[in-house]
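Me: I have a structure to go through and I'm new to this. Can we take it step by step?

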Amino acid sequence: LLHGLSRFVPHFIALSAASPYMQTSDTRFACARLNIFSGFPDNGPMPWVNNWQEFEGLFRRLAYTSMIDSIKDLHWDIRPSPHFGTVEVRVMDTPLTLDHAVNMAGLIQATAHWLLTKRPFKHQERDYLLYKFNRFQACRFGMAGIITDVNTGDGCRLSDDTLRLLENVAVSADKVGAASAIEAIHLQVKNDHDEAQNMRDFVAEGGSLSGLVKKHCEIWTGL
């Protein structure tokens with residue numbers, strides 16, 4: 001499941017991208033937050049393992065070195081959580097509304113159900129060859145980014161590939177109670193809703209960064 005979800009890390013980043021500013025400067029990234037963590041050694045994808053037994057071996061080796069004390073010390077983009085029996089997707093910016101948080105959770109649940117029931121991919125280590133390139137495109141350009149298929153070399157806009165993903169997971173969304181989430185995200189993509197650009201527009205129209213923070217607090221609280 002972790003390897004399957006990793007294919008859609010760029011999609012999850014782009015759908016939630018809302019951090020264009022860092023220390024009062026426009027970074028020109030849709031999602032600059034992930035860049036903060038790029039200098040850390042455990043940033044990015046989890047090292048390749050074929051099964052749970054290999055993951056346990058990987059964790060034991062890391063723990064033996066005293067570099068980590070628990071799974072919480074590993075900041076991979078996606079990581080398993082043995083305590084809860086879940087897989088955590090950790091690449092999204094903080095949603096500006098509770099509705100969007102729920103919609104993103106619904107999309108990930110539907111995608112997980114689709115991956116586990118349909119088994120559409122045969123996972124292999126080479127799948128990660130372009131992982132960081134595609135991740136960068138999502139962080140830099142959001143839905144306008146171009147992702148490249150590692151097997152065919154074909155590139156397409158993230159917005160187009162996200163619409164294909166939504167179509168693929170529609171049946172699973174019905175089964176896990178996430179149909180409304182998929183519908184809302186479909187509208188977001190079709191309407192080119194870009195939260196990072198909305199932030200830039202607010203500042204370009206004379207708003208201050210402190211005013212932007214206040215505005216987002218009001219959005220979150222529903223004022």
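Reply: Let us begin with a term: a residue counts as buried under 20% relative accessible area, as exposed over 50%, and as partly exposed in between. Please keep in mind that this is a predicted model.

Me: ok, so is Arg-28 buried, exposed or partly exposed?
Reply: Arg-28 has a relative accessible area of 48%, so it is partly exposed.

Me: and which residue does Asp-26 form a salt bridge with?
Reply: Asp-26 pairs with Arg-28, and the closest N and O atoms of this salt bridge are 2.7 Å apart. Salt bridges with shared partners also join Asp-26, Arg-28 and Arg-200 into one network.

Me: how many salt bridges are there?
Reply: The count comes to eight salt bridges. One of them links Asp-127 with Arg-7, where the closest N and O atoms are 3.2 Å apart. Asp-127 lies in the loop between H5 and H6 and Arg-7 in the loop between H1 and H2, so this pair ties together parts that are 120 residues apart in sequence.

Me: switching topic, which residues touch the most other members of the largest nonpolar core?
Reply: They are Phe-12, Ile-13 and Leu-107, in a core of 48 residues. Helix H5 (98-118) is among the helices that each supply at least two residues of this core, and H5 gives the most, with six residues.

Conventions:
Residues are numbered from 1 along each chain as its sequence is written. This is a predicted model: local features need pLDDT of at least 70, side-chain atom pairs count only at pLDDT 80 or more; totals for chains, interfaces and linings use all residues. Side-chain values use heavy atoms; hydrogens and water are left out. A nonpolar core is a set of buried Ala, Val, Leu, Ile, Met, Phe, Trp, Tyr and Cys residues joined through side-chain atoms within 4.5 Å. Buried means under 20% relative accessible area, exposed over 50%, partly exposed in between (1.4 Å probe, protein chains only). Helices (H or I, at least four residues) and strands (E, at least two) are DSSP runs, numbered from the N terminus. A salt bridge is a side-chain nitrogen of Lys or Arg within 4 Å of a carboxyl oxygen of Asp or Glu.
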